[in-house]
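Please look at the structure below with the sequence beside it, and then read on for a short report on a few of its parts.

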Amino acid sequence: METKLTELLNIKYPIIQAPMFLVSNVGMVKEAMHCGIAGCIPALNYRTLDELRIAAKELKSAKTEGGSFGFNLIVNKSNIKYKSQLEVLCEEGCDFIITSLGSPEETINQAHKYGIKVFCDVVDLKYAQKVEALGADAIIAVNSEAGGHRGSLSPDILIKKLKLHCNIPIISAGGVGCKADIDKMLMYGASGVSVGSPFIASVEASVTEEYKQACVDYGANDIVVTERISGTPCTVINTPYVQKIGTKSTWLEKLLNKNRKLKKWVKMIRFSIGMNATKNAATKATYKTVWVAGPSIEYTHAILPVKDIVKKLIA
């Protein structure tokens, strides 16, 4: 399966194991590399810079031929660790960095000095053209079928629009749970795919067995969009708890969001509360089950090792 993505990262298959908050870890990425795909971890999964540095060193020493590894950076002001995280990754080295939620200009400029490729999350053509002009190596096209924070355009519309107007490789993110889905994204014009939700129910994932089993028990029809995590639409499994608390912002939040001075603080508070609830649900037993996932869990029928999940994607 040779594409521009396999050429860029020297991998066997055009697949990136997507970076997932709380879920992704070194063990998952090691297995991904052994299977001939790329793996990526959010830098924010590490509380300290020392922990991030240790992870980068470990992955660098474990890298195998045909595999690749990278990290995801939140590059806006909400991530106060951004500059120091970028510095650590440049010092230790990795194959690629995926940027999210902000301008990737500084990341591109710094990473390229160390031979690190930079891929940028986008949800529309306007931003895709901006990151291409800044020197991005590829675009992560986040579509309406992605898990977590998603785009608004369907995979076919988004990929075809980007393909028509951009000259760098397009990596489709969202809506991939089997090989047929990958073939479809490549047919639309993508050079590869970023796959997240199917790897939640992996043996190596850093979440509770309850979360993993939920990805087995629930399906595409059980995925809903909620504003109760970060204030921005996010896809979660429609558990009884999610049904109880609802998926819309409260009347007070809506009222305060209309105030320019207060809007930023309301979003910060909502984000903090939502992320804490998500972390608790993912890492320990709790009745407050806010589990982030996308509709591609439809193809998840058992908790499996990463290597078996990859086999399902390429066979």
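Predicted model: local features only at pLDDT ≥ 70, side-chain atom pairs only at ≥ 80, totals over all residues.

Because its relative accessibility is 18%, and buried means under 20%, D95 counts as buried. The side chain of D95 makes a polar contact with the side chain of K63 at 2.7 Å, and it also reaches the backbone nitrogen of F69 at 2.9 Å. When neighbours within four places in sequence are left aside, the residues in contact with D95 include L9, S68, I116 and K117.

Strand β6 (residues 138–142) is mostly covered, since five of its five residues are buried. In a regular strand the side chains alternate between the two faces of the sheet. In β6, A138, I140 and V142 point one way, while I139 and A141 point the other way.

| Strand | Residues | Bridges to β6 | Direction | Facing residues |
|---|---|---|---|---|
| β5 | 117–122 | four | parallel | C120 and I139 |
| β8 | 170–173 | four | parallel | S172 and A141 |

From β5 the chain passes through helix α6 (residues 125–134) to β6, and this β-α-β crossover is right-handed.

An open sheet of three strands has the order β7-β11-β10, with antiparallel pairing. Because β7 (148–149) and β10 (223–226) each have a single partner strand, they stand at the edges, and one side of each is left without a neighbour in the sheet. Two bridges join β7 to β11 (residues 234–237) in the antiparallel sense, and H149 has C234 of β11 as its bridge partner.

Definitions and conventions
Residues numbered from 1 in each chain as written. Heavy atoms only, no water. Buried < 20%, exposed > 50% of the residue type's maximum accessible area, 1.4 Å probe, protein only. Polar contact = N/O pair within 3.5 Å; in protein donor to acceptor, adjacent residues only side chain to side chain. Contact = heavy atoms within 4.5 Å. Pairing = 2+ DSSP bridges. Right-handed = clockwise from strand over helix to strand, strands pointing away.
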